[in-house]
Amino acid sequence: MGKRMKIRVKYVVEDVDRHGNVRLYLRKDGRKVRLRGPMGTPDFWNDYNAAVANPAPEPKAKPGALVKGSLRWLVAEYYKSAMFKELDPKTQATRRGILERFCENIPEGATTPDGTKPFAEMQPRHIRKRRDAMAAKPEAANGMVKVLRQVFKYAVRYDLIDRNPAAEVELLKSGSEGYHSWSLEEIDKFEEAHPIGTTARLALALALYTGQRRGDLVQFGKQHVREGWLIFTQNKNRNRSPVRLEIPIIPALRQLIDASPTGDLAFLVTAQGRPFTNNGFGNRFREWCDKAGLSHCSVHGLRKAAAARLAELGCTEFEIMAITGHQTSKEVTRYTKAASQKTRAASALRKMTAERN
């Protein structure tokens, strides 16, 4: 009597348990399905056919794992892109915060966060609903829409989606004029509280006579001075679209620099003689303003005041932009709108008086 031929069936394997019993399993698509035996019996074929016919279940995502095609996955891909990496660190941090909050939000009536949903299915109405929920803070709502526009702009640019739903969402009108622009009386009040020779007074002068942001003010030092000029590249967008400026150091500012305690590579230093960080300087300037009774004033408001003062003196928008470093006149116009109106009104009345005379 010859040897019995052993049956071989696709995907079927045999395992022997610890008791020596042969067990049959189907191994396919990462699955291991138990089959009744012996091999070739009706029970075996019933189990085998059912196991082969049923598709493998979708693997469950681990908690916190990214699911390809979700909004959170798109955001993670955006973080890796040159579009995001070209931004300065402060802008990157701001955008991360906005996007993380957006992805973690669970809309009313939903059970899952927005970040788990397919980004390709996001419509303008979905973003409008989130925008409207933030209507009490229009600047924050508009900031969210602007950041989403950039994320979906990346998706369109890299052929991940055909349209930018956020680009179709309108920005809310804001009655806010932004940071308060200092008046001459407020500048005098600050100077009374902080005399010449103090770091606070030097900080005021640097901000007022250069019109720069606090991120630039904390970096100014002797290395930027050449033949009476302050020569530097603005910190904002220096990796993406750098703006190089040359600003004359007027005598009033030169006097204050010479009369104030400064560091080797930074004019503005802490009590320990160390350069300020951006946030550290902002907090310290807040304290200086509070001491002078100017709780509504800020260092950024001095940038607006400098632009407005130049406008009052009759400087053109391009002349003001040469100081502030703005690349378009839109922001300068917003800064100087009131001052420009005042200058034009005075000019118009002078002309009318001259005509009558």
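Asp43 is partly exposed, with a relative accessible area of 35%, where buried means under 20% relative accessible area, exposed over 50%, and partly exposed in between (1.4 Å probe, protein chains only). The structure is a predicted model, in which local features need pLDDT of at least 70 and side-chain atom pairs count only at pLDDT 80 or more, while totals for chains, interfaces and linings use all residues. Residues are numbered from 1 along each chain as its sequence is written, and side-chain values use heavy atoms, with hydrogens and water left out.

Asp43 forms a salt bridge with Arg36, the closest N and O atoms being 3.7 Å apart; a salt bridge is defined here as a side-chain nitrogen of Lys or Arg within 4 Å of a carboxyl oxygen of Asp or Glu. Arg36 is likewise partly exposed, at 41% relative accessible area. By this rule the count comes to 16 salt bridges. In one of them, the side chains of Lys32 and Asp15 meet at 2.9 Å, N to O. Because Lys32 lies in strand β3 (residues 31–35) and Asp15 in strand β1 (residues 12–16), this pair ties together parts that are 17 residues apart in sequence; strands (E, at least two residues) and helices (H or I, at least four) are DSSP runs, numbered from the N terminus. Lys32 is partly exposed at 42%, and Asp15 is partly exposed at 26%.

A salt bridge also joins Glu246 and Arg244, with an N to O distance of 2.9 Å. Glu246, with a relative accessible area of 41%, counts as partly exposed, whereas Arg244, at 55%, counts as exposed.

Gly314, which follows α12, has a positive phi, near 90°.

Ala193 is placed in helix α7 (residues 184–193) and is partly exposed, with a relative accessible area of 26%. The C-alpha atoms of Ala193 and Trp288 are separated by 8.5 Å, although the two residues are 95 residues apart along the chain.
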